[in-house]
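This briefing covers one protein chain.

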Amino acid sequence: MVEVYFYIPADRAGDAVDCGIKLSEWYSREVCIDGIARKCITALLNPRDEYEKYTSSEYKCLKMEIPPKYCYVADRSLYEAGRGNPEAMKLYEGSIIPVMDYRFGDYRFPEALVTSTVLGEQISVTGKMLDTPVLYTNSQELYLSNLTAQLREEHSDLDDTFLYLYFKWLCSQGKADMVCDSAAGPAVFILRENNRPYVFNAPGGNK
């Protein structure tokens with residue numbers, strides 16, 4: 001069984017434990033999986049990924065134990081981008097994979113797609129202290145940490161590039177000034193709030 005998390009209005013939690021979560025009532029996606037259009041209940045791999053609900057007294061967090069054959073994972077961040085962009089929606093649809101194929105940290109906002117009704121005996125109400133430990137703060141933090149570590153291995157100048165581009169953005173916001181920027185040497189910026197110089201290698205410049 002796979003453990004996923006689902007937020008429900010607090011006054012409905014008792015009914016969910018007694019009667020289950022019906023797919024026909026609680027589905028919020030209809031997606032194509034293996035060539036078949038399927039209704040899906042959207043749940044979470046980490047309850048802290050919906051932090052407003054996690055901290056709200058208006059919702060209860062249900063832990064649901066799902067047979068893997070009824071559970072898939074997709075990248076919700078692509079779905080949100082796809083609301084106004086057909087190409088991004090195609091990427092979302094392409095991100096849908098069986099839950100057992102998903103590696104934690106691969107998606108910025110992984111969502112579990114549950115394709116069946118969930119029986120009451122598969123459901124329990126969790127508190128802030130989860131009975132099953134979640135080993136990372138939230139999925140976005142894990143995704144960014146893993147991706148940054150991977151890119152650092154592939155590009156030794158990644159930190160310089162990030163900081164150079166960030167300070168260029170600060171300049172565009174009037175929060176920093178560029179002193180020099182050329183291929184002959186490092187780029188130098190002055191941060192206005194403390195009048196301190198910062199030095200980075202520009203992308204493609206001398207190391």
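**Basis**
- Residues are numbered from 1 along each chain as its sequence is written.
- In this predicted model, local features need pLDDT of at least 70, side-chain atom pairs count only at pLDDT 80 or more, and totals for chains, interfaces and linings use all residues, while side-chain values use heavy atoms, without hydrogens and water.

**Confidence**
- Mean pLDDT (the predictor's confidence in each residue, from 0 to 100) is 89 for the protein chain, with 92% of residues at 70 or more.
- Strand β7 (residues 110-114) has the highest mean, 97, and strand β9 (residues 176-182) the lowest, 83.

**Overall form**
- The protein chain has seven helices and 11 strands (DSSP runs, numbered from the N terminus: H or I of at least four residues, E of at least two).
- Its radius of gyration is 22 Å, whereas a compact globule of 207 residues would have one near 17 Å (C-alpha atoms; rule: 2.2 Å times the number of residues to the power 0.38).

**Nonpolar core**
- The largest nonpolar core has 24 residues, of which V4, F6, I8, I21, L62 and M64 touch the most other members (buried Ala, Val, Leu, Ile, Met, Phe, Trp, Tyr and Cys residues joined through side-chain atoms within 4.5 Å; buried means under 20% relative accessible area, 1.4 Å probe, protein chains only).
- β1 gives the largest share, four residues.
- Beyond four places in sequence, the contacts of L62 (heavy atoms within 4.5 Å) include V4, F6, I21 and I123.

Terms used. Buried means under 20% relative accessible area, exposed over 50%, partly exposed in between (1.4 Å probe, protein chains only).
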